[in-house]
Each structure stands twice: as C-alpha cells, then as structure tokens.
Amino acid sequence: MNNSKELLESPLFKTVAGLAFESVMVTEATADHKNSVIVYVNQAFSNLTGYSAEEVLGKTPGLLQGPETESGVKERLAEDLKNNRTFHGTTINYRKDGSAFTIEWKIAPVMDGGTATHYVAVQRAID
C-alpha cells in the first residue's frame, strides 16, 4: 500500500482503529515535523474531544492546543518526530467546548525506508 488513502481505507486499519478504546489520530508527515494535517481520527477521538472527523480532517492537531498547553512538550514532540523517534508525553489540551483536559499520548512515525510518511497518535485523558 503506497498511499495514505489506500492504507486508511484498508479493512485491517479500519477494524483496528475502529475497535480501539483510545483516541487514534493519523497525520501526514511534513518536512518541518510540526504542521502535519489530520487525515484520520476514530470515534474515540470524537468522544474525547467533541470534534467530528469532518471538523478536523485537513487541519493540524494544534486546534486542540491552548493557553495551558506546555511549549516545552511541543518542542520535545517536534524534536522526537524530526529524529524519527516515538514521542510519549502529557500536556493540557482543549475540547471543542473549550474545556481543558490533561492528555497522555504517544506518537510514532510511520516509516517508508528512511522517510516518515505519517504519524500515528494514540491519546487518552488522564484527569
């Protein structure tokens, strides 16, 4: 499977992501490792954040950030992704209704050879 549309529509991916109890988000990798756009979210993401898939597809995950989102965590995230490492951290994110919640999440690059093509994030509220 060479392209993200084919991969995201595969029965295996749809089944695994759809059954996940935690929020799953997939973004396309970018050269700066910061402004990836969302190409997939599961129902658990919508349940956690209040955003439907239609509202977030094509946007950056930054829409979940706000005044209490820690800049140091975002910098460590960017550094880990830049170096093709899995990120694991916690910070404050915001739901569609503006309410803050503490999130724990892991983000791993999906590699094609030596190049990251996508990032897969698994997230959960811990407060």
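**View 1. Contacts of S46 with Y51, S52 and A53.** In this predicted model, S46 touches Y51, S52 and A53 once the residues up to four places away in sequence are set aside. The residue belongs to helix α3, which covers residues 43–49, and a polar atom of the S46 side chain lies 2.8 Å from the backbone oxygen of Y51. With a relative accessibility of 14%, S46 counts as buried, because the cut-off for that class is under 20%.

**View 2. The open sheet of five strands.** The strands follow the order β2-β1-β5-β4-β3 with antiparallel pairing, and the edge positions are taken by β2 (38–41) and β3 (87–94), each of which pairs on one side only. From one strand to the next, the twist averages 30°. Helix α5, made up of residues 71–82, lies across β3, β4 and β5 and runs at about 140° to β3.

**View 3. Strand β1 and its two partners.** Which strands pair with β1, and over how many bridges? On one side, β1 and β5 are joined in the antiparallel sense over six bridges, with V24 standing opposite V122 in β5. The pairing of β1 with β2 is also antiparallel and extends over three bridges, and here T27 stands opposite I38 in β2. Five of the six residues of β1 (residues 23–28) are buried, so this strand is largely enclosed by the rest of the structure.

**View 4. The pairing of β4 with β5.** Strand β4, residues 100–112, and strand β5, residues 115–125, run antiparallel and are joined by 10 bridges. Within this pairing, W105 stands opposite Q123 in β5; W105 is also among the residues with the most contacts inside the largest nonpolar core.

**View 5. The nonpolar cores.** As a general background, nonpolar side chains tend to be buried together in soluble globular proteins. The largest nonpolar core of the model has 19 residues, and those with the most contacts inside it are M25, F45, W105 and I107. At least two residues of this core come from each of β2, α3, α5, β4 and β5, and the most come from β4, with four residues. Leaving aside neighbours within four places in sequence, M25 is in contact with I38, Y40, V41, F45, P61, L64, Y119, V120, A121 and Q123. A second, separate core of six residues includes A17, V24, V26 and Y40.

**View 6. N42, in the loop between β2 and α3****.** N42 is buried, with a relative accessible area of 4%. Apart from its neighbours within four places in sequence, N42 is in contact with A17, A20, E22, S23 and V24. For a sense of scale, the C-alpha atoms of N42 and T117 are separated by 19 Å, the two residues being 75 residues apart along the chain.

**View 7. N93, in strand β3****.** Is N93 buried or exposed? At 7% relative accessibility, N93 counts as buried, although β3 is an edge strand that pairs on one side only. Not counting residues up to four places away in sequence, N93 touches L64, Q65, T69, S99, A100, F101 and I103.

**View 8. N84, in the loop between α5 and β3****.** Most residues other than glycine have a negative phi. The phi of N84, by contrast, is near 55°, a positive value in a residue other than glycine. At 32% relative accessibility, N84 counts as partly exposed.

**View 9. L19, in helix α2****.** Helix α2 covers residues 11–19 and contains L19, which is exposed, with a relative accessible area of 62%. The C-alpha atoms of L19 and Q65, which are 46 residues apart along the chain, are separated by 26 Å.

Notes: Residues are numbered from 1 along each chain as its sequence is written. This is a predicted model: local features need pLDDT of at least 70, side-chain atom pairs count only at pLDDT 80 or more; totals for chains, interfaces and linings use all residues. Side-chain values use heavy atoms; hydrogens and water are left out. Buried means under 20% relative accessible area, exposed over 50%, partly exposed in between (1.4 Å probe, protein chains only). A polar contact is a pair of N or O atoms within 3.5 Å; within protein, one must be able to donate a hydrogen and the other to accept it, and residues adjacent in sequence count only if both atoms are side-chain atoms. Contact means heavy atoms within 4.5 Å. Two strands pair if DSSP finds at least two bridges between them. Axes are lines fitted to C-alpha atoms, for helices over the stretch in contact, and angles run from 0 to 180 degrees between N-to-C directions. A nonpolar core is a set of buried Ala, Val, Leu, Ile, Met, Phe, Trp, Tyr and Cys residues joined through side-chain atoms within 4.5 Å.
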